[in-house]
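Biologist: Could you walk me through this structure, please? I have not worked with it before.

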Amino acid sequence: MITDLLLLLLSFFAIFFAVGVLYSREVVHVVIYIAGLFIDLGGLYIVLSSPYVGAVQIFVYGGAVTVLLMFGVMLTKRTIKEKKEKIVTQFDYAVIVALLVSLYVGALFSYTNYPTELYYIGYYSLSNNMFGTYIGTFVLLGIVIMAAVIGGVYIVKEEDQL
Amino acid sequence: MNWIIYLPVIFFGALAFIFPLASMFLNYMLRPEIKEEQKESTYECGEELIGDARIDFPFSHYIYAIIFVAADVMSIFLILWALTFRNLADKYIAVGAILSLLSFVLVGIYYSLRGKVDIGI
Amino acid sequence: MITVYSESKDIVLYILNLLHITASTLPWYVVPTLTSIVVIIIAFLFTVLNTVMVIWVERKFLGRFMDRRAAMHVGYAGLLQNFADGIKLMRKEFIIPSSSDKPAFLLSPLLYISTTLLAIAFLPLSWGFYLNNISFSLILVTAFFSLAPLSIFIGGWASNNKYTLIGGMRSAAQMIAYEIPMILTIISVIILAGSLNLTQIVTAQYKTGWYILPLFIGFIVFCVSILAEVERIPFDLPEAEAELVEGWGTEYGGVYFAFLMLTDYLRGYVGSALAVLLFLGGWTMPTYFPAYLTAFPLAGLIWFLIKVYIVFIIFVWVRASLPRVRIDQLLSIGWKKLLPLAVINLLIAIAVVSVGVWA
């Protein structure tokens, strides 16, 4: 019962932050709402019996990706008080489409059989899989991260520094 | 979820939000409130304000954020490995894999910071 | 030995007994809830008192290093000085600049202090003196400790002031530069201990010896990273007084200024407590100590506090001795000098465990 209550509360805040991203008038407020959404998702992972993934979500997304987004926002040329224009111009069509999509997705969810109990995903099952079955993927992941960093250098380079 | 062990944390989280708000309320009750024109402008060591607060953000700061994200993603895999590598079936393959991951990301970081560390501001 | 959780349960059952209510007639959630409330009040008061004592230690020792006497008048030997400062700040006016962004301006220090208080909730202080025994408390402490650059950036931007914006950016760049050596050093401790639970790390150190001996380089890297995360001298540039007045917190007055000061020293306390728990054996002393030093009630708590204050006095000593480092030198120390040292430390830890010495 408490799990359901916590899930409801966290989902309500997730929807509130997501709507805030769309409807806010100021670019930096968008980054604040996204940061709140990331931390909220971390809490959802913890409640749903994957505590390691939840802590990692707060650590990587809330700590690193938010700072990256903030730096990216700072690079644009805008003043502090520049507001966006009105975003939503076709409100009626949007409401109809949203209702139809939610009915469709709700029908899909009610026809699937989800397990009713949460079992705890421990570290050993994660690491046995990661270093046993998927070890090739793991080494490729290192190469992908290195490619991302080198791509970042290419964006930031001066004329003589490559 | 065995939620009873999280009960003190949830209450402490509530206290961590209520304590600053209660202090703000106490300040609201106790403080004087004298509105003056000059108090409300921002502080620039006594000079007059020129222009809006818009600065040229140095572009080279962006690489630090990128390397930080890359190193953060590397360290979450490193934490998972550090917890369990003693009890895995094949320890040496796991040690080799993690050393290769570490070396790839560190070579990337070394290459990106190879020039001088340039701060324009 | 004090066990806060079970003793609070005794207190709650005693009070219920006085009111002639047996615990079995109440619903099943009442006794754990009341126990939790008593536990968090004790833990919160303990933490805040400890932080105020830490500020007192810093002021007295800094005064003596500078050949002056600090904080003499209020209370005996100045013990009540910080309470007097807090009361004074409560009565000051709180000015919101007219051209600032009000919601973000009001939100940012609240976020700063809330995430730091949440990080404190996962630290154990003695054998039974903890709020919870979650099996991954170390990574939660690090995660909440690393949410600070976001709030600093928002606070620096929302004041609509060029200098706070610069200060906020420099603070965020400094903090993210020093988190990677910190997390790599924590990983080397996890390799030796085999668990993420802070109580089990202390127990492992009790059995096999303190981790400062194989990981001495790691201890130095960790302490330097904590000095940079907490923004103490010598890594003080984003809030240096001759440069940027107060950095990102220039426009905050009244109770918000009290929040900023309190959170700076709360983070210093969390950093020192983590250094003691991870490297110096927590609240345990080696087994060859005589029993009259380590077996009286509250012994673990007192040894823990002694060690935290010794580590913090070393931080104050560093503050009084070293000059301030420039921003590009600061970032180059973080990325180019501490990161290789942390990697060498990690390789030493792997080698030590593979040989089998500290298993």
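**Where chains B and C meet**

Biologist: How many residues of chain B are in contact with chain C?
Modeller: In this predicted model, 44 residues of chain B are in contact with 59 residues of chain C.

Biologist: Which helices of chain B supply that side?
Modeller: Helix H1 (7-30), helix H2 (62-84) and helix H3 (91-112) of chain B each give at least two residues to the side that touches chain C. H1(B) provides the largest share of that side, with 15 residues.

Biologist: And how do the residues on that side of chain B divide?
Modeller: On the side of chain B that touches chain C, 32 residues are nonpolar, seven are polar and five are charged.

Biologist: What about chain B as a whole, how many helices and strands are there?
Modeller: Chain B has three helices and zero strands. Along the sequence, the pattern of chain B reads α-α-α.

Biologist: What percentage of chain B is buried?
Modeller: Of the 121 residues in chain B, 33% are buried.

Biologist: Changing topic to chain A: what is its mean pLDDT?
Modeller: Chain A has a mean pLDDT of 84, and 88% of its residues reach 70 or more.

Biologist: Where in chain A is confidence lowest, and where is it highest?
Modeller: Confidence in chain A is lowest in helix H5 (residues 123-132), with a mean of 83, and highest in helix H2 (residues 27-47), at 90.

Biologist: Which domains are assigned in chain A?
Modeller: The domain assignment of chain A gives domain 1 (1-80) and domain 2 (90-162). Taken over C-alpha atoms, the centres of domain 1 and domain 2 of chain A are separated by 15 Å.

Key
Residues are numbered from 1 along each chain as its sequence is written. Chains are lettered from A and ligands numbered from 1 in the order in which they are written. This is a predicted model: local features need pLDDT of at least 70, side-chain atom pairs count only at pLDDT 80 or more; totals for chains, interfaces and linings use all residues. Two residues are in contact if their C-beta atoms, placed from the backbone, lie within 7 Å. Helices (H or I, at least four residues) and strands (E, at least two) are DSSP runs, numbered from the N terminus. Ala, Val, Leu, Ile, Met, Phe, Trp, Tyr, Cys and Pro count as nonpolar, Asp, Glu, Lys and Arg as charged, and the others, Gly among them, as polar. A residue is buried if 20 or more other C-beta atoms lie within 10 Å of its own, exposed if 12 or fewer, and partly exposed in between; C-beta atoms are placed from the backbone. pLDDT is the predictor's confidence in each residue, from 0 to 100. Domain bounds come from an automatic or database domain assignment.
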